[in-house]
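Here is a friendly walk through one structure, written for someone who likes to see cut-offs beside the values. Please keep the viewer open as you read.

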Amino acid sequence: MSSATIGLICIGLMLVMMALRAPIALSMATIGFVGFSWIIAFDPAMAILENGPFETLSNYSFSPIPMFIMMGVFASRAKMSDQLFSGARALFGAWRGGISLAAILSCGIFSAISGSSVATAASMSRVALPEMKKHGYADSLATGTLAAGGTLGIMIPPSIALLLYALITEQSVGDMFIAGMIPGILGLVLYCVTISLLVKFKPELATPGEATTLREKLIGLKGLIPFTAVFAIIIGGIYTGLFTPTEAAAIGAFATLIVAIWRGMNFAEFREALQETMITSAMIFFMIIGAEVFGYFLSVSRISFELVDFVDSLNLTPFMILICVLILFMLLGCVMDSIAMLLLTVPVVYPLVQAAGFDPIWFGIVAVITVELGLITPPVGMNVFVIKAFAPDISIGSIYKGVLPFVLSDIVRLALIIAFPALALGLL
């Protein structure tokens, strides 16, 4: 039996484990170990289990992950999202749908220091959802806005998804962050356009807001300063070469801690923030270790090479190959966690993308946007269930109905970046 055939059998077994609700990290590690033992030998597979976790956890390149998580946790624990939402809301004043617009803007800015879609959706839902309910917003618009706004956390740098893609494919983390700037802002703008069109053609979805004076708008801008300052420090430092992405993560975490303490975070909240950071980081590192073991198995099974040869035999154009890969990402994104999906699929499809001649950084942006779609697409859509937890009285059907216009908005953004790669690569 060829190594590629063994590889396909093992991947099938892994899918069965996932279908039986085994943790994805455990599934990857188990099948990686079994497959490597089958193709090579048991003792070398044991050596990978002995050394792999240590090599992963001691890899300096992965150190930004807990730092970026800590930034978002500090911001959430200190309730910085309250001040951010209040400031954004003052800017839109009496606009119809202004609270939804403020929620989207707040999600975009919060994600700039959070790096996590789930954390962004959870933090902003706690603040914005009661306000939209109070002012008579339709359930679909209120929940759809927050579910979609949370996805901005996976693209607007610093992004854990972009960081992991860069590490998996050995690309520059700084370049990935810079490349994510315009697509992230474009997503924010298109979401705002989507809300504006919805309330224009269906005024019953939202009520006009309360008028605010120029002075109130200027005061509201003060609420955005802490976030924009931390974001400017991180991206400005990376872009100018003042410090590396790893150093930027540490500096950003420290700056966010200072803002959180200034806003009154006590020692108990600080301890809880550290505990939450460690739990979330451990979960992500467990997936990384599982992906590392699975990667060893993929390399000896030669599945990626066989896949490249198979696709070559089909005489597909590079664009057709890209569409096939993105369809795979969208389908998996509907049923899998975004980070787990990247760790599982990128090592398999990346050689195929390279053979097709696509720029790896550009493809990373396209891939992450496609993963982003999965966060709000049925039948799972992790952000949808985050919103459902904050709004148990709203049906899951209403939330899916609310996110549909934003899914279409993301498809438009994806098409624009595919058609005009300079949107992702122009700042490099």
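Patches are built from residues with over 30% relative accessible area and no salt bridge, with like charges joined within 9 Å and nonpolar side chains (Val, Leu, Ile, Met, Phe, Trp, Tyr) joined within 5 Å. The accessible areas behind them come from the Shrake-Rupley method with a 1.4 Å probe, and for residues only the protein chains shown count as cover. A salt bridge here is a side-chain nitrogen of Lys or Arg within 4 Å of a carboxyl oxygen of Asp or Glu.

The model is a predicted one, where local features need pLDDT of at least 70, side-chain atom pairs count only at pLDDT 80 or more, and totals for chains, interfaces and linings use all residues. Residues are numbered from 1 along each chain as its sequence is written, and side-chain values use heavy atoms, leaving out hydrogens and water.

**A nonpolar patch**

Which residues make the nonpolar surface patch of about 470 Å²? They are Ile185, Val189, Val193, Leu197 and Phe201. Val189 belongs to helix H11 (residues 181-201); helices are DSSP runs of H or I with at least four residues, numbered from the N terminus. With a relative accessible area of 43%, Val189 is partly exposed, a class lying between buried (under 20%) and exposed (over 50%), with a 1.4 Å probe and protein chains only.

**Helix H13**

Helix H13 covers residues 225-240, and its 16 residues should span 22 Å at 1.5 Å a residue; the end C-alpha atoms are 21 Å apart, which agrees. The expected span is 1.5 Å times one less than the number of residues. The buried residues of H13 are Pro226, Phe227, Val230, Phe231, Ile234, Ile235, Gly237 and Ile238. These residues cover an arc of only 160° around the axis, which puts them on the same side of H13. That arc is taken from the directions from the helix axis to the C-beta atoms. As background, an α-helix has 3.6 residues a turn, so residues three or four places apart point the same way. The face of H13 turned away from its buried side carries the exposed residues Tyr239 and Thr240. After H13 comes Gly241, with a positive phi near 80°.

**Aromatic pairs**

Rings of Phe, Tyr and Trp (its six-membered ring) pair if their centres lie within 6.5 Å; planes under 30 degrees apart are stacked, over 60 edge-to-face, and the rest tilted. By this rule there are ten aromatic pairs. Phe33 and Phe42 have ring centres 5.7 Å apart and planes at 75°, so this pair is edge-to-face. Phe33 is buried at 18% relative accessibility, whereas Phe42 is partly exposed at 48%.

How are the rings of Phe74 and Phe270 arranged, stacked or edge-to-face? Their centres are 5.9 Å apart and their planes at 15°, so the pair is stacked. Phe74 sits in helix H4 (residues 64-77) and Phe270 in helix H15 (residues 267-301), so the pair ties together parts that are 196 residues apart in sequence. Phe74 is buried, with a relative accessible area of 1%, and Phe270 is partly exposed at 25%. Ring pairs also link Phe74, Phe267 and Phe270 into a cluster.

**Salt bridges**

A search of the whole structure finds four salt bridges, among them these:

| Pair | Closest N to O distance |
|---|---|
| Asp393 and Lys133 | 3.0 Å |
| Arg413 and Asp410 | 2.8 Å |

Asp393 forms a salt bridge with Lys133. Asp393 lies in the loop between helix H20 (382-390) and helix H21 (396-419), and Lys133 in helix H7 (residues 117-134), so the pair ties together parts 260 residues apart in sequence. Asp393 is exposed at 58% relative accessibility, while Lys133 is partly exposed at 33%.

Being three residues apart in helix H21, Arg413 and Asp410 are separated by about one helical turn, and both are buried. Salt bridges that share partners join Glu372, Asp410 and Arg413 into one network.

Conventions. Helix = DSSP H or I, 4+ residues; strand = E, 2+ residues; numbered from the N terminus.
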